[in-house]
Amino acid sequence: MPPTTRVTVLAALLLLPITACAEPQASDSASSASRTPTPTEPVPTEPVPTVAAPTGSPFTVPPPGRTAPPPLSRTVRPSLPAAPKPPKPTGPTDKRASDLVSGHITRGGSGPCYGLVSEDGIEYAVHGTGFGKLTEGSFVTLRVISRSSEVDCGPGVRVSIVTR
């Protein structure tokens, strides 16, 4: 192939893609409606219906092909009733009789004086005749009453053992 023919073929190959994208001539205006538009031509569009936004509303017109969101409710939300107040605290239902004391014997023996430290940590000086021997360290529950200071049984709150 002669060199001039090669150049001509090469030029034709290079110009082919460029001429395919060129705009049509004025004589082709009748046939341009039937062909597909090129990227440089504007796309023919149909009229798009517009949705009027409510006045004073933050809504905007939705883009073509989408529907408008439903309007927000203009009703006032109902208020919730006040939470019920909790019941007033009551005292414990398993109260012990006030004359019972439980604890460990700290001063034991055959009586009549004993020492007792209650579960609350209160030290008692216990007096009681005829109740036998109470051993030191044993856990007891006694019915007691306060007593006068006529008998000294050591340090602590002065009480006497009673029977029912």
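The link of Cys113 and Cys153 is left-handed, with -55 degrees about the S-S bond. The pair bridges distant parts of the chain, with Cys113 in strand S2 (residues 113–118) and Cys153 in the loop between strand S4 (139–146) and S5, 40 residues apart. Keep in mind that this is a predicted model, where local features need pLDDT of at least 70, side-chain atom pairs count only at pLDDT 80 or more, and totals for chains, interfaces and linings use all residues. Residues are numbered from 1 along each chain as its sequence is written, and side-chain values use heavy atoms, with hydrogens and water left out.

**Confidence**

- The average pLDDT (the predictor's confidence in each residue, from 0 to 100) is 75 for the protein, and 66% of the residues score at least 70.
- Residues 28–32 fall below 50 in pLDDT, and this stretch has zero contacts in the model beyond near neighbours in sequence; contact here means heavy atoms within 4.5 Å.
- Where pLDDT is low, the predicted coordinates should not be read in detail.

**The disulfide**

- There is one disulfide in the structure, a disulfide being a pair of cysteine sulfur atoms within 2.5 Å.
- Cys113 and Cys153 are the partners, at 2.0 Å from S to S.
- On burial, the cut-offs are under 20% relative accessible area for buried, over 50% for exposed and partly exposed in between (1.4 Å probe, protein chains only).
- Cys153 counts as buried because its relative accessibility is 7%, whereas Cys113 is partly exposed at 29%.
- The strands and helices named here are DSSP runs, numbered from the N terminus: helices are H or I with at least four residues, strands are E with at least two.

**The nonpolar core**

- The largest nonpolar core has 12 residues in all, among them Val101, Tyr114, Tyr124, Leu134, Val144 and Ile161.
- A nonpolar core is a set of buried Ala, Val, Leu, Ile, Met, Phe, Trp, Tyr and Cys residues joined through side-chain atoms within 4.5 Å.
- Two or more residues of this core come from each of strand S1 (100–107), S2, strand S3 (123–127), S4 and S5.
- S4 gives the most, with three residues.
- Take Leu134: leaving aside neighbours within four places in sequence, Leu134 is in contact with Ile105, Gly108, Gly109 and Tyr114.

**Ser160**

- Ser160 sits in strand S5 (residues 157–161) and is buried, with a relative accessible area of 14%.
- Not counting residues up to four places away in sequence, Ser160 touches His127, Arg143, Val144, Ile145 and Arg147.

**Salt bridges**

- The structure has three salt bridges, each a side-chain nitrogen of Lys or Arg within 4 Å of a carboxyl oxygen of Asp or Glu.
- Arg143 and Asp99 pair up at 3.0 Å, N to O.
- Arg143 is in strand S4 and Asp99 in the loop between helix H1 (3–20) and S1, so this pair ties together parts that are 44 residues apart in sequence.
- Arg143 is partly exposed at 22% relative accessibility, and Asp99 is partly exposed at 24%.
- Arg107 and Glu123 meet at 3.6 Å, N to O, linking strand S1 with strand S3 across 16 residues.
- Arg107 counts as partly exposed at 27%, and Glu123 counts as partly exposed at 33%.
- Asp152 and Arg158 form a salt bridge at 3.7 Å, N to O.
- Asp152 counts as exposed at 57% relative accessibility, while Arg158 is partly exposed at 29%.
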